[in-house]
2 protein chains.
Amino acid sequence: MPDFAEPLARLIQEFKRLPGIGQKSAQRLAFHVLRSSREDTGRFAQTLMDVKDHLGVCSLCNNISEGEFCPYCKDPNRDQSVICVIEEAHNILPIETTRTFEGLYHVLQGAISPLRGIGPERLKIHGLLERIAGGAVRELIIATNPNVEGEATAVYLSRLVKPLGVKVSRIAMGIPVGSDLEYADEVTMSKSLENRREM
Amino acid sequence: MPDFAEPLARLIQEFKRLPGIGQKSAQRLAFHVLRSSREDTGRFAQTLMDVKDHLGVCSLCNNISEGEFCPYCKDPNRDQSVICVIEEAHNILPIETTRTFEGLYHVLQGAISPLRGIGPERLKIHGLLERIAGGAVRELIIATNPNVEGEATAVYLSRLVKPLGVKVSRIAMGIPVGSDLEYADEVTMSKSLENRREM
């Protein structure tokens, strides 16, 4: 590798730590910073620290939050009787963009993964049970990821919560809308057949 | 769009300013920062500022430099009689990785572009002429980009420098090694034919 000036080499390393950024992208980003004004870079650096200094976790649902409660938990117009359970806070985004879900969320901060040594005790399940014990919750929509870990988590939660008299549902898996059967993998295709609906 | 907490929304905006980073990537990067330790993020922010505070431009060749001269201009083992002319400092990288060029560089900080109103007076050509006037330079390899602006710059420089008794050459354009004729565009293909070499 050619010699980069030392601070530039360090910045390339820092960019490479970010997900999805390889050597070439990291170089392009670092050179972009080099060409940017000191003011722009200062604002970028400050914003990075603001995120670390001013954001915490909602004490109800574990979503990202500026104060004690996140915007969804604070909003009296959201339906308090439905909780959508997700693995990570960023999973809220694709659900909110549908504009069809008006309930609350619960972030587990992970999924059960025996392979990686993550058992249910590592997830934020205790708080969820407390919310259900409050009595207002009628339905739990489990929107963990459609993979082995997400499925294991869904089955575990379902067994735990159903005896409490709460309806438990799982998001549908099947062929994506606008896609083509030709491109469907066999697991998705068989899920799609299994979950067929009468017309 | 769903409500992101305010500092997070700002960080997503900052990541979106970077080249090649769209909304989805910016979100993924911002959530990564959220999950990182405060220490890691602090080091990232500090490195951004170090690049702005400790890096300048080499007073000989305009390459990025920590001191007055860049590593290439400081290195007595580099061939002082050949200068490779490039548009931007990051163009040094692909040339150095070949390990076949041992001369010096000159960064023009751009290319002639009448469409964008960039004339030769905006480029770092004056310093190049001074270096040539020093008398040690025998050859100028023009490695500006193989597009309209890079070609215009190459032709301009060639006309300017040849009368000074310096050999001027241009990097070869043709079919990339390991590629297939099928994928060559017509301009590259015709360049490749035009620049054919006897075997």
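Let's start in chain B, where B:K167 and B:E139 form a salt bridge, their closest N and O atoms 3.9 Å apart. A salt bridge here is a side-chain nitrogen of Lys or Arg within 4 Å of a carboxyl oxygen of Asp or Glu. B:K167 sits in strand β6 (residues 167–170) of chain B and B:E139 in strand β5 (residues 139–142) of chain B, so the pair ties together parts that are 28 residues apart in sequence. Helices (H or I, at least four residues) and strands (E, at least two) are DSSP runs, numbered from the N terminus.

Buried means under 20% relative accessible area, exposed over 50%, and partly exposed in between, with a 1.4 Å probe and protein chains only.

## About the model

This is a predicted model, in which local features need pLDDT of at least 70 and side-chain atom pairs count only at pLDDT 80 or more, while totals for chains, interfaces and linings use all residues. Residues are numbered from 1 along each chain as its sequence is written, chains are lettered from A and ligands numbered from 1 in the order in which they are written, and side-chain values use heavy atoms, leaving out hydrogens and water.

## Where the chains meet

Chain A and chain B each bring 53 residues to their contact, where contact means heavy atoms within 4.5 Å. Together they bury about 5000 Å², with 71% of it on carbon and sulfur atoms. On the chain B side, B:F44, B:L48 and B:K52 lose the most area to chain A, together 12% of what that side buries. Buried area is the accessible area (1.4 Å probe) that two parts lose on being put together, summed over both.

The interface also has 16 residue pairs in polar contact, both residues at pLDDT 80 or more. A polar contact is a pair of N or O atoms within 3.5 Å; within protein, one must be able to donate a hydrogen and the other to accept it, and residues adjacent in sequence count only if both atoms are side-chain atoms. Which elements give two or more residues to the side of chain B that touches chain A? They are α1 (6–16), α2 (23–35), α3 (38–54), α4 (71–74) and α5 (92–97) of chain B. The largest share, 15 residues, comes from α3(B). That side of chain B divides into 26 nonpolar, 11 polar and 16 charged residues.

## The nonpolar core

The largest nonpolar core has 57 residues. Such a core is a set of buried Ala, Val, Leu, Ile, Met, Phe, Trp, Tyr and Cys residues joined through side-chain atoms within 4.5 Å. The residues with the most contacts inside it are A:F15, A:F44, A:L48, B:F15, B:F44 and B:L48. Take B:L48: leaving aside neighbours within four places in sequence, B:L48 is in contact with A:L11, A:F15, A:V33, A:T41, A:F44, A:A45 and A:L48.

Over all chains, the structure has 18 salt bridges, and 6 salt bridges are found across the interface of chain B and chain A. In one of them, the side chains of A:D53 and B:R38 meet at 2.6 Å, N to O. A:D53 lies in helix α3 (residues 38–54) of chain A and B:R38 in helix α3 of chain B, so the pair joins two chains. A:D53 is partly exposed at 38% relative accessibility, and B:R38 is partly exposed at 47%. There's also a network of salt bridges linking A:E14, A:R17, B:D40 and B:R43.

Within chain A, A:E96 forms a salt bridge with A:R78, with the closest N and O atoms 2.7 Å apart. A:E96 counts as buried at 13% relative accessibility, and A:R78 counts as buried at 11%.

B:D79 lies in strand β3 (residues 79–86) of chain B and is partly exposed at 32% relative accessibility. A polar contact of 2.7 Å joins its side chain to that of B:S81.

B:S158 is found in helix α7 (residues 148–161) of chain B. Is B:S158 buried or exposed? At 18% relative accessibility, B:S158 counts as buried. Not counting residues up to four places away in sequence, B:S158 touches B:I142, B:P163 and B:V168.

How values were computed
Nonpolar A, V, L, I, M, F, W, Y, C, P; charged D, E, K, R; others polar.
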